[in-house]
Amino acid sequence: MKRKFAFVIATVCTLIIAGCGNGGNNNSANGGNAVNTGTETAAPETTKAPAKDVTIKMFQFKVEIAEQLNALAEEYEKETGVKVEVETHGGGEDYGALLKAELASGSEPEIFNNGGYTALVPYMDRATDLSNEPWVANLIPTAKTPATVDGKLYGMPMNVEGYGLIYNKDLFTKAGITEEPKTLSQLKDAAAKLKAAGITPFEATNEWWSMGMHLVNVGLAHQPDPKKFIDDLKAGTQTFKDNAVFKQWLDLVDVIFDNAQDNKMTTDYATQIADFASGKAAMMMQGNWTQGDIDKIDPDLNLGLLPLPISDEEGTILVGVPNNYIVNSKSAHPEEAKAFLNWLVSSETGKKYLTKEFKFIPAETNVETDAADIGQVAVAVQEQSDKALGWNWDMFPDGVTQGFGAAMQEYLGGQLNHDQLLEKLDKSVQDIVKQ
């Protein structure tokens, strides 16, 4: 049955504006126009296009779609004769540092990922103005915000994503949990019931980005004005250590870490997904981008998505634009790169890959999808988007979130207490800002 996910419109648009202040760095999620949903029409058979002496390179970070992206590149070459070379760096790798090294080496990929906001600033000398590209008219309006500078759009929003606590409904039933926990007290109770039933409550990961970006963002998003809070942190007039919200946030961190698997310090992203999908734990903090990898292990897993609460008020999931495709004006073939991105969201082949293979929640209103395409977690993201909070980590200069991640890894390993963790988060900001 087709479903119109119209709540991805004004609801999230409103909450993002309210949650992130009125400045130019408002964190953006999905909002604006209704996302039409439906059944994809299969792409027609095409004859192989004549070969062209053109290769465009994409330097990208989403490891979970690397295989599918390579297959898409082959389809594009068949249809157009233009070769797309995909280089993927993510998971435990520092994508930002590797991109800088790539550019410093003299290599100029035609397309690369960037989160927008502050993260876009170092690349403005390369970012191509995409404001007049044909696909822009179909964008969910607030999806434009992270890559918009002075009214011009410098990136194509990759998709819309959300994260929270993905949970195994069958394990919850086995533990006698009949209602979804939405407050911190309820989450603690659920963890206790799972342990009593011999089930590991949480599958945690040691990945710096999961903790330093996603988990820290829970505390950022719950600020009355996240943008002002971040600006004040950078100015040195506000601190994590003295912030009441982050003192509450520590309770959520402890619930997850204290009830996670024994080998959490050595559990990377791939292992986290594999173990969760194999039923070794009932919950993990991740988002709808994991659906494809989960399905490879157990496509019949019965999944739901819980909010991330920091108090006895009902928590929320977190929704945003994960990254943007930047067209590099210093590369050899920027026009061919723009043509590829347009094909990605306008051709039947491209749209099929976005939904059925990548399992993306599209940022384009003309890309139709249904629940069978994008999976249970993405559907849950859309169902909870009306209350969601936003993504804020790209408002920090490059290097800050890596510092957050390092501090969280120390805390995960029991090397820091509460005050020391918050002090390390503060130091991570000031160390970069003072440079």
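These questions and answers concern a predicted model.

Q: Which residues touch the most other members of the largest nonpolar core?
A: In soluble globular proteins, nonpolar side chains tend to be buried together. The largest nonpolar core here has 131 residues. At least three of its residues come from each of domain 1 (54–159 + 322–367) and domain 2 (161–320 + 390–434). The members touching the most others are F240, W249, M283 and F340.

Q: With which residues is W249 in contact, leaving aside its neighbours within four places in sequence?
A: W249 belongs to the largest nonpolar core. Contact means heavy atoms within 4.5 Å. Once the neighbours within four places in sequence are set aside, the contacts of W249 are L215, V216, V218, G219, I310, M408, L421, L422 and L425.

Q: Is S385 buried or exposed?
A: S385 sits in the loop between α14 (376–384) and α15 (400–412). Buried means under 20% relative accessible area. The relative accessible area of S385 is 0%, so this residue is buried.

Q: Which backbone oxygen does the side chain of S385 reach?
A: A polar contact is a pair of N or O atoms within 3.5 Å. From the side chain of S385, the distance is 2.7 Å to the backbone oxygen of V381.

Q: Which element gives the most to the lining of the largest pocket?
A: The largest pocket has a volume of about 290 Å³. Its lining has 18 residues, and E180, L305, A380, E383 and Q384 lie nearest its centre. Two or more lining residues come from each of β9 (303–306) and α14. With five residues, the element that gives the most is α14.

Conventions:
Residues are numbered from 1 along each chain as its sequence is written. This is a predicted model: local features need pLDDT of at least 70, side-chain atom pairs count only at pLDDT 80 or more; totals for chains, interfaces and linings use all residues. Side-chain values use heavy atoms; hydrogens and water are left out. A nonpolar core is a set of buried Ala, Val, Leu, Ile, Met, Phe, Trp, Tyr and Cys residues joined through side-chain atoms within 4.5 Å. Buried means under 20% relative accessible area, exposed over 50%, partly exposed in between (1.4 Å probe, protein chains only). Domain bounds come from an automatic or database domain assignment. Helices (H or I, at least four residues) and strands (E, at least two) are DSSP runs, numbered from the N terminus. A polar contact is a pair of N or O atoms within 3.5 Å; within protein, one must be able to donate a hydrogen and the other to accept it, and residues adjacent in sequence count only if both atoms are side-chain atoms. On a 1 Å grid over the protein atoms alone, a cavity is a set of points where a 1.4 Å probe fits but cannot get out, and a pocket is an open set with protein on both sides within 12 Å along at least five of seven lines; lining residues have an atom within 4 Å of a point. Grid points are joined across faces, edges and corners, and a volume is the space filled by probe spheres set on the points.
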